Amino acid sequence: MTLEMPTADRVTFGLGLPQAAFDGVDAPALLQLAQSAEGGGFSALWTSEIIRAPMLAPLVTLSFIAAVTQRIAIGTGVLLLPLRIPAQLAMELASLDFLSH
C-alpha cells in the first residue's frame with residue numbers, strides 16, 4: 001500500500017494497535033478494531049516492537065491485519081533491526097507488502 005502524504009487541506013490520522021496481553025488484546029478484538037478503524041476513515045494502522053513479554057510480534061500482527069482489511073495502510077513505528085537477520089527481514093517485509101496489496 002502506498003501512503004499518501006497529507007496536504008495543506010487534508011489531514012490524515014493513523015492508529016497504533018494494542019499488542020500487549022495486558023492491553024486486553026485478543027484476535028477478535030484486534031479484528032474488530034482494525035475493521036472499525038478502516039471503516040471510520042483512519043489512514044493507517046501501526047505496530048511497534050518493544051522487548052517485553054507477553055507481546056504480539058509486529059510483522060505477524062500486520063499480516064493478520066492485512067488479511068482482514070482492504071484499503072487501510074499498515075506499518076511499523078519501531079522495528080528493532082539489530083535483533084534481525086537483514087536478508088530475512090527484507091524478504092518478510094517484501095512478502096508482506098506484496099500480499100497486502
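## Helix α2 and its packing

In this predicted model, the buried residues of α2 pack against α1, β2, β3 and α3. Contact here means heavy atoms within 4.5 Å. Helices (H or I, at least four residues) and strands (E, at least two) are DSSP runs, numbered from the N terminus. Buried means under 20% relative accessible area, exposed over 50%, and partly exposed in between (1.4 Å probe, protein chains only).

The buried residues of α2 are P58, L59, T61, L62, I65 and A66. They lie on the same side of α2, because their arc around the axis is only 155°; the arc is that of the directions from the helix axis to the C-beta atoms. V60 and A67, on the other side of α2, are exposed.

## Nonpolar cores

A nonpolar core is a set of buried Ala, Val, Leu, Ile, Met, Phe, Trp, Tyr and Cys residues joined through side-chain atoms within 4.5 Å. Seven residues form the largest one: L17, L30, A34, A37, L45, I65 and I72. Helix α1 (residues 27-39) gives the largest share, three residues. Apart from this core lies another, of six residues, including L59, A66, L89 and L96.

## One salt bridge

The structure holds one salt bridge (a side-chain nitrogen of Lys or Arg within 4 Å of a carboxyl oxygen of Asp or Glu). It joins the side chains of R84 and E49 (2.5 Å, N to O). R84 lies in the loop between β3 (73-78) and α3 (86-99), and E49 in the loop between β2 (44-48) and α2 (58-68), so the pair ties together parts 35 residues apart in sequence. R84 is partly exposed at 23% relative accessibility, whereas E49 is buried at 14%.

## Basis

Residues are numbered from 1 along each chain as its sequence is written, and side-chain values use heavy atoms, leaving out hydrogens and water. As the model is predicted, local features need pLDDT of at least 70 and side-chain atom pairs count only at pLDDT 80 or more, while totals for chains, interfaces and linings use all residues.
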